[in-house]
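I opened this model to go through the fold piece by piece. My notes follow in the order in which I looked things up.

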Amino acid sequence: MAIRVPGIMHAKQILRQSKLCASQATSKSVDVPKGYLAVYVGERQKKRFIIPVLFLNQPSFQELLSKAEEEFGFNHPMGGLTIPCKEEIFIDITSSLNGS
C-alpha cells in the first residue's frame, strides 16, 4: 500500500521536466554534487544556486515551486529550474531551511 504525498509528487514532476530541459540546453553547466540541485533565482537577472534536494520536501520551498509552475509551467528559460522571486527572499528561505 503506497501513501501519496502531493507536494513531493509535484516536486518530482517539476524536477523531471527540468531535467529534460536541462539535458537539452546547450548552455555551459558546472557539475552539481550528488544530492544537490541547481536552481536559477531572480526576477530579472537570474543567479544560479546549488541547493540540497532535501529542500524539496519543505513547505516553504514548495511554495516557491508553485510560483515557478504558475509563471513558467514546465518550460524554464534557463534550462533548469527557475524560481521567480527576489534573491534576498530565496536566501532568507534557504537560510532558515539550513538552520532547521
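**Entry 1: a threonine.** I started with T94, which is buried at a relative accessible area of 10%. I use buried for under 20% relative accessible area, exposed for over 50%, and partly exposed for in between, with a 1.4 Å probe and protein chains only. T94 is found in helix α3. Leaving aside residues up to four places away in sequence, I found that T94 touches I51 and F55; contact means heavy atoms within 4.5 Å.

**Entry 2: ground rules.** I noted that this is a predicted model, where local features need pLDDT of at least 70, side-chain atom pairs count only at pLDDT 80 or more, and totals for chains, interfaces and linings use all residues. Residues are numbered from 1 along each chain as its sequence is written, and side-chain values use heavy atoms, with hydrogens and water left out.

**Entry 3: the chain as a whole.** I listed three helices and three strands, in the pattern α-β-β-α-β-α along the sequence. Helices (H or I, at least four residues) and strands (E, at least two) are DSSP runs, numbered from the N terminus. Of the 100 residues, 33% count as buried. Among contacts in the chain with a separation of 6 or more, 55% come from residues 24 or more positions apart. The accessible surface comes to about 6,900 Å², and 53% of this belongs to carbon and sulfur atoms. Such areas come from the Shrake-Rupley method with a 1.4 Å probe; for residues, only the protein chains shown count as cover.

**Entry 4: the sheet.** In what order do the strands of the open sheet stand? I read β2-β1-β3, with mixed pairing. β2 and β3 (81-83) are at the edges with a single partner strand each, so one side of each has no neighbour in the sheet. Neighbouring strands are turned by 40° against each other on average, direction ignored. Two strands pair if DSSP finds at least two bridges between them.

**Entry 5: strand β1.** I took β1 (residues 36-41) next; it pairs with β3 in the parallel sense over three bridges. β1 and β2 run antiparallel and are joined by six bridges. V39 has a bridge partner on either strand: L81 in β3 and F49 in β2. I also noted Y40 opposite T82 in β3, and V41 opposite K47 in β2. β1 and β2 form a hairpin with five residues between them, and G42 in the turn has a positive phi of about 145°. Why is β1 largely enclosed by the rest of the structure? Five of its six residues are buried.

**Entry 6: helices on the sheet.** Helix α2 (residues 59-72) lies across β2 and β3 and runs at about 100° to β3. Helix α3 (residues 87-99) packs on the sheet and touches β1, β2 and β3, its direction making about 10° with that of β2. Axes are lines fitted to C-alpha atoms, for helices over the stretch in contact, and angles run from 0 to 180 degrees between N-to-C directions.

**Entry 7: a surface patch.** I finished with V32, Y36 and I50, which make a nonpolar surface patch of about 230 Å². Patches are made of residues with over 30% relative accessible area and no salt bridge; like charges are joined within 9 Å and nonpolar side chains (Val, Leu, Ile, Met, Phe, Trp, Tyr) within 5 Å. A salt bridge is a side-chain nitrogen of Lys or Arg within 4 Å of a carboxyl oxygen of Asp or Glu. I50 is found in strand β2 (residues 47-52) and counts as partly exposed at 38% relative accessibility.
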